[in-house]
Amino acid sequence: MIEQIRETAKKLLTGGEVKVVIGYENGGLPQTTRPVFITSPDEVGRLVWNKHCYANVARFLVRKEVASLGKPAIIAKGCDVKAIVVQIQESQVKRENVVILGVTCQGVGEPPLSKCPICDVNTPREYDYLFGEKIPPRTDINKFADAEEFEKKSPKERWEFWEKQLSKCIKCYACRQVCPLCYCEVCIADKNQPQWIETSSHTRGNYHWNLIRAWHLSGRCIDCLECERACPVGIPLSLLNRRLAKSVKERFGYEPGYDKEAAPPLTDFKQQDPQEFIK
Amino acid sequence: MSSNNPETVSEREVQKKSGPIFKVLDARNLKALVQKGLELGCRVFAPVKDDKLVTFEQVSSPDQVLLDGITTRMSPKSVVLPRTEKVFSYKIRKGEIVVENKDDFVVPAIIFGCRPCDAASFPIMDRLFRWDYQDKFWNKRREATLIVSISCLDCDDACFCTSVGLAPDSTEGSDVLLTLISRDQYLAEIMTEKGAEFVEKTGLFDEAGADLDKSSATRAVRQKLGKKFDVEKIKPWLDENYGNKFWGEVTRMCIGCGICTYVCPTCHCFDLVDEAHYDGGAKIKNWDACQFAAFTVHASGHNPRPDQVSRHRQRIMHKYKYYPDNLGAILCTGCGRCVRHCPMEVNLIRILKGISEIETVCGTQR
């Protein structure tokens, strides 16, 4: 499969259709890969595809250090493609300005990351080229099982759980930086005249930041779990996001990342909206 | 344990010249040191398991302590440089402002079971905090902190202490360094008076025979570590290549999170913020990171480090050029945390190895 990917990358770069191919190369530590930006057809041999291609490289489509290289092709798993779909919906990426080299994926990590057993995009939903055998989407999964389980706890237990978890936060903002959908030029956390979000790692400051982050991703988070993978102190951040995603699905019948033509519920409003609870 | 006179760098060096005192500790008594520390009224910080990770936390019992890992997720620097601390606070009462200075913040602390790379970070940062401005927060905490470290007998692919002039059994920064020299015995190297005082108070150490030596115990790990890059070649290249296109090539995958700086035992930048409420407020000192865009934004809106390439270059320049230029030491102990925990595998070892292997100077534009 990697040979076909390299061949296509080479063709795209040689023909001048794209200026850069965003993908993965082998990392320096065992069982790691590193995002790589191939600008010369001679360098496509660096590209790899394996179980350790964790990073959601869609992040780089909205980073100026990479955007400045010119039109990209991107090697993307199903979950990465979901992020690209939302970037397209939110006018951050133009569909015609990116070549998606979709790869079918049976899960990353050994053992697989927690997102993989509940994945229904083993075959990406949007692509220009597809590599690997198509895998039919699974229908027997409950993506919100852990959020439902968590809801059964009492408010006191839930508060204590999050108080303990969020007390670990060191405000490194890796959860934001790694997120393919946190692309704001100036984040609310960086607005300091006045400082809306306290930078201190005390309980109030930590709640402040983590709840704002989760809230800003409601109806947008595509559950790629990059925040959780990056978090250096091991906070189960995606549980917050999944709980919000569950509400959005229940209330609006909407899941982000599947349809680039769909109107995202929290950024779209019509007088005829059927939902009673928002009138 | 704490001394009223600030211990200066030169005093430390004098002590080192007189040589360490050697003692031995029965391996079964290792965790008893934690108990003794608690009994002496110290706050004891040690590696503990927190959900899935091992990190440095204050402990209340020796049973919590876990000593089998290579390095902890977070370094023990927060014992001396907390991630959030109040510089002062004030209350507004009936139109009057009452300032509350917080001068009682020092309770003796023991950092127990850290690795030599973490212990070494403290004297490196002393150079800054005891330079032109004497930082009272750092110095008071530092004076009141005892460091009992344990030599490494294993390493992983991210470790590179030997490449920056340290070793898995360096005594640098430790008040007491323990090395497991046989199955049931630690060799203790007592480096400071503070360390000697603690060892005496515990009553758990015995006299060491003159023939005891730690080098055979740590030989295997030294060999496994090897040298990952030639540190001698780093600074001369950095001196000349601020604008080299190399920087853009090797740091493009950096997403600008603060993980590398926050897990780092030597990164020490902080920000002062005001948190005001209707009835009072506080001036607070928080960790900050050169990897953030807001770190260098001027009031005018101009940002002299406008992209991640320049921010990442700054981190390496600060550690391997500016700090050596200004304060005479590399601001890195090779603990490998930034390599291990970077979500994008930027990998400092790769960059430094790349620099040390550059034969010819590339272009000057990135």
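**Where the two chains meet, and what lies within them**

In this predicted model, the contact between the two chains draws 35 residues from chain B and 34 residues from chain A. On the chain B side, the elements that each supply two or more residues are α9 (259-263), β11 (270-277), β12 (280-287), α10 (308-327), α11 (337-341) and α12 (348-357) of chain B. Sorted by class, this side of chain B comes out as 17 nonpolar, seven polar and eleven charged residues.

Elsewhere in chain B there is an open sheet of eight strands, with mixed pairing. Read across, the strand order is β3-β2-β6-β7-β8-β9-β1-β10 (chain B). The edges belong to β3 (53-59) and β10 (205-207) of chain B; each has a single partner strand, so one side of each goes without a neighbour in the sheet. Going from one strand to the next, the twist averages 30°.

A few of the pairings in this sheet can be followed strand by strand. Starting with β2 (residues 43-50) of chain B, this strand is linked to β3(B) by seven bridges, and the two run antiparallel. Within that pair, V48(B) sits opposite T55(B) of β3(B). The hairpin made by β2(B) and β3(B) has two residues between its strands, and D51(B) there adopts a positive phi near 55°. With β6(B), strand β2(B) pairs in the parallel sense, this time over three bridges. One pair of residues here is R43(B) and its bridge partner in β6(B), A109(B).

Further along, β1 (residues 21-26) and β9 (residues 185-190) of chain B run antiparallel and are joined by six bridges. In this pair, D26(B) faces Q185(B) of β9(B).

After the helix comes G16(A), with a positive phi near 80°.

Two of those covering strands, β1(A) and β2(A), also pair with each other: they run antiparallel and are joined by six bridges. Y24(A), for one, has P35(A) of β2(A) as its bridge partner. The hairpin that β1(A) and β2(A) form has six residues between the strands, and Q31(A) in the turn shows a positive phi of about 55°.

How much of β2(A) is buried? Six of its six residues are, so β2(A) is largely enclosed by the rest of the structure. In a regular strand, side chains alternate between the two faces of the sheet. In β2(A), T33(A), P35(A) and F37(A) are buried on one side, while R34(A), V36(A) and I38(A) are buried on the other, leaving both faces covered.

How values were computed:
Residues numbered from 1 in each chain as written. Chains lettered and ligands numbered in written order. Predicted model: local features only at pLDDT ≥ 70, side-chain atom pairs only at ≥ 80, totals over all residues. Contact = placed C-beta atoms within 7 Å. Helix = DSSP H or I, 4+ residues; strand = E, 2+ residues; numbered from the N terminus. Nonpolar A, V, L, I, M, F, W, Y, C, P; charged D, E, K, R; others polar. Pairing = 2+ DSSP bridges. Axes fitted to C-alpha atoms, helices over the stretch in contact; angles between N-to-C directions. Buried ≥ 20, exposed ≤ 12 C-beta atoms within 10 Å, placed from the backbone.
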